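Hi everyone, thanks for coming. Could you bring the model up on the screen, please, so that we can walk through it together?

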Amino acid sequence: NCEKARNGKEAIQIIKDKGKNFSIIFMDINMPIMDGIEATKRITDMIKKKEIPKIPIIGLTAQGDKDIVNKAMKSGMLRTISKPASLKLIKEVVEEHGISQVLIDQNYKV
């Protein structure tokens, strides 16, 4: 199952509604309304409260700035990937988390 959110607030709502259906989250760090770092903090809090199962969160960023990466990791992201990310790298990251079947839309730009 794959869902796309336009901002962090929308991502939170999707996770609240369908959290049990996701094996991994790719979270853009720089989004409008609520950024990916704040959204990750809230999702991590939901996981701690056992409102949703543990879901690995991978940050996506166009900025390789150390400070941003550190903030992302402190928020609960397991790692960050610089954009644009290759489909090969995304598949490797997914497989690192024990997810064996990956369907990637070749037209989707990360």
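Let me start with a term: a residue is called buried when its relative accessible area is under 20%, exposed when it is over 50%, and partly exposed in between, using a 1.4 Å probe and protein chains only. Helices (H or I, at least four residues) and strands (E, at least two) are DSSP runs, numbered from the N terminus. A word on the source: this is a predicted model, where local features need pLDDT of at least 70 and side-chain atom pairs count only at pLDDT 80 or more, while totals for chains, interfaces and linings use all residues. Residues are numbered from 1 along each chain as its sequence is written, and side-chain values use heavy atoms, with hydrogens and water left out.

Now to helix H4, residues 87-96. Which of its residues are buried? They are Ile 90, Val 93 and Val 94. These three sit on the same side of H4, because they cover an arc of only 100 degrees around the axis; the arc is that of the directions from the helix axis to the C-beta atoms. As a reminder, an α-helix has 3.6 residues a turn, so residues three or four places apart point the same way.

And what do the buried residues of H4 pack against? Their partners are strands E1 (25-28), E2 (57-61) and E3 (79-82), with contact meaning heavy atoms within 4.5 Å. Turn to the other side of H4, and you find Lys 88 and Glu 96 exposed. After the helix comes Gly 98, with a positive phi near 75 degrees.

Please keep Glu 96 in view, as it brings us to salt bridges. By that I mean a side-chain nitrogen of Lys or Arg within 4 Å of a carboxyl oxygen of Asp or Glu. Glu 96 forms one with Arg 79, their closest N and O atoms being 3.2 Å apart. This pair links distant parts of the chain, since Arg 79 is in strand E3 and Glu 96 in helix H4, 17 residues apart. Arg 79 is partly exposed at 27% relative accessible area, whereas Glu 96 is exposed at 53%.

How many salt bridges are there in the whole structure? The search finds nine. Another one joins the side chains of Glu 3 and Lys 18, at 2.8 Å from N to O. Glu 3 lies in the segment before helix H1 (8-18) and Lys 18 in H1, so the pair ties together parts that are 15 residues apart in sequence. Glu 3 is partly exposed at 34%, and Lys 18 is partly exposed at 32%.
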